Amino acid sequence: MCSFLPLFSDHCFLTDPMLRTPTLSSVNVIWFTEFPGDTNFVEYGDGFTKTAACETTLLSRIRQDSVDEHSCTFRPVYRHEAVLENLHPGQKTPYRAVSIVSEKTMKSKMFFCSPTPAKGAPLKILFTSDHQG
């Protein structure tokens, strides 16, 4: 069962949307699914009145254990990326990822983004690491 979209157990997001590559007026949003989607985009702004189209890429090197446990098999994982533009430093903008598959619309929870902080703005930074050995 998909935790993001309980009505669509055959399609769901593998991750929440993530932010990367902020500039002074934009930020990229990415998320991952097991399907390419018919249409993928991000809704953002007050009332989600703006949309940003996505570029979707099939990741070519994702593998998972196969049934015989001695080999790996290809796992289709798609990366969706959109650029949210015309953002203002210091202003939090609501956004959510949207994928449409076979006329079913799936939406992430609402999150907030902002572009690169203004020079001298106070920041809170969280460092994490994955120590799988």
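Visitor: What joins the side chains of Arg20 and Glu81?
Guide: A salt bridge does, with N and O 2.9 Å apart. The term means a side-chain nitrogen of Lys or Arg within 4 Å of a carboxyl oxygen of Asp or Glu.

Visitor: Where do the two sit in the chain?
Guide: Arg20 is in strand 1 (residues 18–20) and Glu81 in strand 7 (residues 77–84), so the bridge links distant parts of the chain, 61 residues apart. Strands here are DSSP runs of E with at least two residues, helices are runs of H or I with at least four, and both are numbered from the N terminus.

Visitor: What am I looking at, by the way, and how are things counted?
Guide: This is a predicted model, with local features needing pLDDT of at least 70, side-chain atom pairs counting only at pLDDT 80 or more, and totals for chains, interfaces and linings using all residues. Residues are numbered from 1 along each chain as its sequence is written, and side-chain values use heavy atoms, leaving out hydrogens and water.

Visitor: You keep mentioning strands. How many helices and strands does the chain have?
Guide: There are 0 helices and 10 strands. As for burial, 32% of the 133 residues in the chain are buried.

Visitor: New topic: what's the volume of the largest pocket?
Guide: About 160 Å³. On a 1 Å grid over the protein atoms alone, a pocket is an open set of points where a 1.4 Å probe fits, with protein on both sides within 12 Å along at least five of seven lines, and lining residues have an atom within 4 Å of a point. Points are joined across faces, edges and corners, and the volume is the space filled by probe spheres set on them.

Visitor: Which residues line it?
Guide: Gly90, Gln91, Lys92, Phe112, Cys113, Ser114, Pro115, Pro117, Ala118 and Ala121. By class that's 6 nonpolar, 3 polar and 1 charged, where Ala, Val, Leu, Ile, Met, Phe, Trp, Tyr, Cys and Pro count as nonpolar, Asp, Glu, Lys and Arg as charged, and the others, Gly among them, as polar.

Visitor: Which residues form a nonpolar patch on the surface?
Guide: Leu123, Ile125 and Phe127, with about 430 Å² of accessible area together (Shrake-Rupley, 1.4 Å probe). Patch members need over 30% relative accessible area and no salt bridge; nonpolar side chains are joined within 5 Å, like charges within 9 Å. Ile125 lies in the segment after strand 10 (111–113) and is exposed, at 68%.

Visitor: Backbone now. Which phi value does Phe48 have?
Guide: A positive one, about 50°, although Phe48 is not a glycine. Most residues other than glycine have a negative phi. Phe48 lies in the loop between strand 3 and strand 4 (50–59) and is buried, at 18%.

Visitor: What about Asn86, buried or exposed?
Guide: Asn86 counts as exposed at 57% relative accessibility. Its place is in the loop between strand 7 and strand 8, and its phi is also positive, near 60°.

Technical notes. Buried means under 20% relative accessible area, exposed over 50%, partly exposed in between (1.4 Å probe, protein chains only).
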